[in-house]
Amino acid sequence: MSSGSTGEGSHDFARVRRIVKTDEFSSVFRLRPTQKSAHFVLYTCPNNLPHARLGVVAAKRFAPRAVTRNTIKRITRELFRTTGLPAIDCVVRLSRPVNSKDGPATTAKLKAELRVELTRLFSAQARIGRPTALPSAPPPPA
């Protein structure tokens, strides 16, 4: 791949875009959660890189089957790649059970619900990171 594969707007998920080390996760977890949804908690902190990075934590106690955990990770990575995020480290943590061992591991309904939740979380971060007009200028009168 060319050196442009890690540039702004890239849709890859190369290793440089992942949070993999325990201390990297810990440094993001030390901060307060940025946002919460029905099943997820999103932690973020600015990084000094030219791109955002992602870490996903899907505990076995909230998603007992590997198929479910892998689905959650796959959907999270896909939405992370396609949302233009500023230079931040994001850790998405599953915080509530998504299903039980007796039902199906994943369903179209579950995938759709997770996708909506994660889209909201990432979209809010993308909006926050966008540069605004001159910060010192007062807003125009209504």
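Analyst: R53 counts as buried because its relative accessibility is 12%. Buried means under 20% relative accessible area, exposed means over 50%, and partly exposed lies in between, using a 1.4 Å probe and protein chains only. This is a predicted model, in which local features need pLDDT of at least 70, side-chain atom pairs count only at pLDDT 80 or more, and totals for chains, interfaces and linings use all residues. Residues are numbered from 1 along each chain as its sequence is written, and side-chain values use heavy atoms, with hydrogens and water left out.

Where is R53 found? R53 sits in strand 3. Helices (H or I, at least four residues) and strands (E, at least two) are DSSP runs, numbered from the N terminus.

Now look at what surrounds R53. Leaving aside neighbours within four places in sequence, R53 is in contact with V16, R17, R18, I19, E24, N47, F80, I88, D89 and C90. Contact means heavy atoms within 4.5 Å. For a sense of the fold, take R53 and R81. They are 28 residues apart in sequence, and their C-alpha atoms are 9.7 Å apart in space.

The side chains of R53 and D89 are joined by a polar contact of 2.8 Å. Another polar contact, of 3.3 Å, joins the side chains of R53 and E24. A polar contact is a pair of N or O atoms within 3.5 Å; within protein, one must be able to donate a hydrogen and the other to accept it, and residues adjacent in sequence count only if both atoms are side-chain atoms.

R53 and E24 also form a salt bridge, with the closest N and O atoms 3.3 Å apart. R53 lies in strand 3 and E24 in helix 1 (residues 22-29), so this pair ties together parts that are 29 residues apart in sequence. A salt bridge is a side-chain nitrogen of Lys or Arg within 4 Å of a carboxyl oxygen of Asp or Glu. E24 is buried too, with a relative accessible area of 17%.

How many salt bridges does the structure hold? There are four. One of them joins the side chains of R115 and E78, at 2.9 Å from N to O. R115 lies in helix 3 and E78 in helix 2, so the pair links parts 37 residues apart in sequence. R115 is partly exposed at 31%, and E78 is partly exposed at 29%.

K109 forms a salt bridge with E113, the closest N and O atoms being 3.5 Å apart. Both belong to helix 3; they are four residues apart, so about one helical turn separates them. K109 is exposed at 62%, while E113 is partly exposed at 33%. Back at R53, salt bridges that share partners join E24, R53 and D89 into one network.

Next, the nonpolar core. The largest one has 24 residues, and F40, L94 and F122 have the most contacts inside it. Such a core is a set of buried Ala, Val, Leu, Ile, Met, Phe, Trp, Tyr and Cys residues joined through side-chain atoms within 4.5 Å. The elements giving two or more residues to this core include strand 2 (40-46), strand 3 (53-57) and helix 3 (108-129). Helix 3 gives the most, with six residues.
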